[in-house]
Amino acid sequence: MFVIFIRTIIIFILLEFVVRLMGKRHMGELEIGELITTIMISEIATLPLQDASIPILYAFVPISVLMVFEIGSSVILTKIPKLKSLVTPGPSVIIEKGKLNQAELKRLRISVEELMSALRQNNVSDIEEVNYAIMEQNAMITVIPKVKYSPPTSEAMNVIRDDPGIPHIIISDGKIDERNLKILGKDHEWIERELSSLGYGKSEVFLMTIDDCEKIRIIKKEKNK
């Protein structure tokens with residue numbers, strides 16, 4: 001049992017190292033080659049855990065080979081675009097200028113029901129509303145609605161708005177985020193001053209954020225029942 005425990009820790013560390021080197025992607029964003037590599041690595045990694053008689057090196061070597069091959073092939077395909085176009089299928093246009101490409105739909109083996117589901121997931125309820133629908137290299141469908149069905153932008157409505165950017169966490173679960181505080185050029189005195197002006201004590205705050213427009217949001221701690 002102890003041997004399996006140690007092997008599990010070693011395999012976990014190895015896989016985390018490999019995944020970090022290969023880059024962060026969600027499963028739905030993986031291209032075909034990346035998906036195959038991921039499946040193979042997961043299968044190989046379980047072998048020494050299922051059978052203690054299999055040397056852990058039998059997992060380490062093939063996983064390392066797959067990692068090097070995946071990273072190497074990605075670099076080569078990036079350097080040689082023509083080779084990438086041969087190996088990796090390009091995007092496929094399913095709907096073009098509002099017209100459904102039935103032949104492409106059949107070639108991709110996508111049913112109308114699947115297409116409609118993809119449109120709904122993109123907040124489009126009717127094919128008539130679509131200008132372009134494109135199946136990307138990762139098998140995700142990008143939907144570009146017709147202009148008259150697109151939500152109006154602030155620019156189109158002649159409305160000038162400040163861009164708040166993202167909220168930066170100052171206090172999380174009652175604890176000060178020192179890293180963000182330093183990045184924002186703030187200090188503890190500033191926190192005390194802002195909280196005091198808003199009528200809060202630091203011990204009362206569960207979450208405190210500030211956006212790029214200096215707008216502060218505070219959520220109080222819930223009282224223990």
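**Sheet and helices**

Modeller: Let's begin with a residue pair: L207 sits opposite I219 in β8. Bear in mind that this is a predicted model.

Biologist: How many bridges pair β7 and β8, and in which sense?

Modeller: Five bridges, antiparallel. β7 covers residues 205–210.

Biologist: What's the strand order in that open sheet?

Modeller: β6-β5-β7-β8, with antiparallel pairing. β6 (175–176) and β8 (216–220) are the edge strands. Each has a single partner strand, so one side of each lacks a neighbour in the sheet.

Biologist: Which helix packs on the sheet?

Modeller: α8, residues 188–197. It touches β5 (168–172), β6, β7 and β8. The direction of α8 makes about 105° with that of β7.

Biologist: Switching to α6. Which of its residues are buried?

Modeller: L115, A118 and L119, in a helix that spans residues 112–121. Viewed down the axis of α6, the buried residues fall within an arc of 100°, so they line one face of the helix.

Biologist: And what's exposed on the other side of α6?

Modeller: E113, R120 and Q121.

Biologist: What do the buried residues of α6 pack against?

Modeller: β1 (92–96), β2 (99–100), α5 (102–107), β3 (130–135) and β4 (141–145).

Biologist: Which residue follows α6?

Modeller: N123, with a positive phi near 65°.

Biologist: Now the whole chain. How many helices and strands?

Modeller: Eight helices and eight strands. Of the 225 residues, 24% are buried. The chain exposes about 16,600 Å², and carbon and sulfur atoms supply 59% of that.

Notes
Residues are numbered from 1 along each chain as its sequence is written. This is a predicted model: local features need pLDDT of at least 70, side-chain atom pairs count only at pLDDT 80 or more; totals for chains, interfaces and linings use all residues. Side-chain values use heavy atoms; hydrogens and water are left out. Helices (H or I, at least four residues) and strands (E, at least two) are DSSP runs, numbered from the N terminus. Buried means under 20% relative accessible area, exposed over 50%, partly exposed in between (1.4 Å probe, protein chains only). Accessible areas come from the Shrake-Rupley method with a 1.4 Å probe; for residues, only the protein chains shown count as cover. Two strands pair if DSSP finds at least two bridges between them. Contact means heavy atoms within 4.5 Å. Axes are lines fitted to C-alpha atoms, for helices over the stretch in contact, and angles run from 0 to 180 degrees between N-to-C directions. The arc is that of the directions from the helix axis to the C-beta atoms.
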